[in-house]
Amino acid sequence: MKVRDMMQQDVITATPTMSLRQVQRLMHDNRIRHIPVVSDTHLVGIVSDRDIRDALPSPATTLTKGETNYHMDTTPIDTCMSREVVTVTPDDDMVQAARLLLQHKFGSVPVVVGERLVGVITDTDCLQAFLTLISP
């Protein structure tokens, strides 16, 4: 089974200039943990909910709530996104994609053709592919 058979093609993306708050809201509203970051259609990074949490001021900070909100509203996502992204292509085998997810402990991997984002494959998609293969 190929990645193209299981990948999600309607991918929610962010741009490098979006704020931490905007991307956090996208994740929350769409119940996702990872968002590919694109410039036009080219993949330039990926950001996880953990990346955003790590970019926030410490809970022990002396910043006021207003200062923390200002930080969330004005800090672009490109300050905390991963720029070196592990990817797969639509022609890769699902077993290869699953191995990448396990090896790197990722929840998702962007699917690209060249540098153009065409989809995403998640750990849930890999489980679905497995069930498809073993179900009578």
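# Reading hairpins, cores and salt bridges

Mentor: Let's start with a hairpin: E3 and E4 form one, with two residues between them, and Gly114 in the turn has a positive phi of about 65°. This is a predicted model, so local features need pLDDT of at least 70 and side-chain atom pairs count only at pLDDT 80 or more, while totals for chains, interfaces and linings use all residues. Residues are numbered from 1 along each chain as its sequence is written, and side-chain values use heavy atoms, leaving out hydrogens and water.

Trainee: How many bridges join E3 to E4?

Mentor: Six, and the two strands run antiparallel. Look for Val112, which stands opposite Leu117 in E4.

Trainee: Is E3 largely enclosed or open?

Mentor: First the rule: buried means under 20% relative accessible area, exposed means over 50%, and partly exposed is in between, using a 1.4 Å probe and protein chains only. Five of the six residues of E3 are buried, so this strand is largely enclosed by the rest of the structure.

Trainee: Where else is there a hairpin?

Mentor: E1 and E2 make one, also with two residues between them; here Asp40 in the turn has a positive phi of about 60°. Strand E1 (residues 34–39) and strand E2 (residues 42–48) run antiparallel, joined by six bridges. Ser39 has His42 in E2 as its bridge partner.

Trainee: Which residues touch the most other members of the largest nonpolar core?

Mentor: A nonpolar core is a set of buried Ala, Val, Leu, Ile, Met, Phe, Trp, Tyr and Cys residues joined through side-chain atoms within 4.5 Å. The largest has 14 residues, and Val3, Met7, Val88, Met94, Val111 and Ile121 touch the most other members. Helix H1 (3–6), helix H5 (94–104), strand E3 (108–113), strand E4 (116–122) and H6 each supply at least two residues of this core. H5 gives the most, with four residues. There's also a second, separate core of 13 residues, which includes Met27, Ile35, Ile52 and Cys80.

Trainee: What does Ile121 touch?

Mentor: Contact means heavy atoms within 4.5 Å. Leaving out residues up to four places away in sequence, the contacts of Ile121 include Val3, Met94, Gly107 and Val111.

Trainee: How many salt bridges does the count come to?

Mentor: You need a side-chain nitrogen of Lys or Arg within 4 Å of a carboxyl oxygen of Asp or Glu. By that rule the count comes to five. One of them joins Arg33 and Asp123, with the closest N and O atoms 3.5 Å apart. Arg33 lies in the loop between H2 and E1 and Asp123 in helix H6, so this pair ties together parts that are 90 residues apart in sequence. Arg33 is partly exposed at 43% relative accessibility, and Asp123 is partly exposed at 31%.

Trainee: How many residues apart are Asp29 and Arg25 in helix H2?

Mentor: Four, which means about one helical turn separates them. Their side chains meet in a salt bridge (3.6 Å, N to O). Helix H3 (residues 49–55) holds another pair four residues apart, Asp49 and Arg53, whose salt bridge is 3.7 Å, N to O.

Conventions: Two strands pair if DSSP finds at least two bridges between them.
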